[in-house]
Amino acid sequence: WEFNGSFYQPSAFLMMGIPGLEALHPWISIPFCALYLTALLGNCVILFIIRRTPSLHEPMYYFLSMLAVTDLGLALCTLPTTLGLFWFNVRRIGFDACLTQMYFIHILSFIESSVLLAMAFDRFVAISHPLRHPAILTGSTVLKIGLAIVLRGMVSLLPIPFLLRRLTYCGRTELSHSFCFHPDIMNLACADIKVNVFYGMIILLSTVGMDFVFIVLSYILILRTVASLTTKEECLKALNTCVSHICAVLVFFIPMVGLSMIHRFGKDVPPLVNTLVAYTYLIIPPALNPVMYSIKSTHIREALLRALRRKRG
């Protein structure tokens with residue numbers, strides 16, 4: 001423990017793996033390795049294909065590139081501590097290192113939420129105003145949207161590490177996961193955490209919450225447009241372009257909301273459930289998103305097959 005003025009801070013926290021299954025961590029690491037490998041390779045392939053294929057240089061795939069970069073960041077943020085714990089039982093993480101990891105995990109989560117909203121807006125414009133789509137979402141507009149998304153995440157979350165550093169920690173140092181999460185660290189403090197709780201909820205509702213509301217509104221408008229189409233084939237073709245995005249939204253938002261609710265209100269929830277929801281939130285979306293888009297996007301699938309044929313030739 002380090003005495004710093006009028007309060008105490010731990011020099012490090014202790015991370016937890018999967019409660020009750022500590023002896024099986026080396027075996028449990030196998031599916032985790034597969035998920036991380038899928039996330040890293042899948043998102044790198046998506047970025048490579050989009051960069052090398054001129055026909056994919058359009059807003060939909062620019063936003064998909066942003067999603068892939070964000071998913072890579074999320075996977076790389078949790079990979080060292082998770083596999084370090086499963087493989088070598090390295091549980092200790094320094095206080096400042098924990099705050100740094102937490103900051104980047106939350107920033108990337110907020111960025112992913114905003115990118116999913118931008119993709120929903122892109123689908124709305126492409127379906128409702130197809131002739132105006134290139135004029136509305138130009139390359140410079142997409143770049144400005146990307147910069148605004150990153151700045152919003154960085155600025156809104158900047159106070160969080162400082163709010164955690166001002167707290168007094170006394171006694172408990174065990175985190176609930178193999179990574180650092182704001183509510184998890186906050187609940188280890190023995191000081192008044194009302195400011196942390198209030199600010200965390202306000203930021204969550206005003207960013208991720210609003211993103212989800214606008215995504216739902218976008219799809220309501222998309223469905224109104226699709227309902228006005230004359231033939232069934234046109235309806236199915238329009239909706240088919242949204243399937244991957246809808247899956248990505250559900251895979252990201254459902255576990256994120258579940259984990260936030262568990263940390264704030266689920267004191268009686270079994271630790272195993274808390275752990276599984278956390279891993280689902282941070283590891284499953286980066287692994288599944290490139291797979292879903294590769295399967296559903298004909299353009300990406302064809303570009304990937306062309307790249308493989310060139311390599312074989």
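**Exercise 1. Determine whether Asn89 is buried or exposed, and describe its backbone.**

Step 1. Asn89 is exposed, because its relative accessible area is 54%. The classes are buried under 20%, exposed over 50% and partly exposed in between (1.4 Å probe, protein chains only).

Step 2. This is a predicted model: local features need pLDDT of at least 70, side-chain atom pairs count only at pLDDT 80 or more, and totals for chains, interfaces and linings use all residues. Residues are numbered from 1 along each chain as its sequence is written, and side-chain values use heavy atoms, without hydrogens and water.

Step 3. Helices (H or I, at least four residues) and strands (E, at least two) are DSSP runs, numbered from the N terminus.

Step 4. Check phi. Asn89 is not a glycine, yet its phi is positive, about 60°. Most residues other than glycine have a negative phi.

**Exercise 2. Locate Phe110 and list its contacts.**

Step 1. Phe110 sits in helix α3 (residues 95–128).

Step 2. Its relative accessible area is 6%, so Phe110 is buried.

Step 3. Leave out residues up to four places away in sequence. Phe110 then touches Arg152, Ser156, Leu157, Ile203, Leu204, Thr207, Val208, Asp211 and Met256. Contact means heavy atoms within 4.5 Å.

Step 4. Go along the chain to Phe124, 14 residues from Phe110: the C-alpha atoms are 21 Å apart.

**Exercise 3. Classify Phe214 by accessible area.**

Step 1. Phe214 belongs to helix α8 (residues 194–227).

Step 2. Phe214 is partly exposed, because its relative accessible area is 39%.
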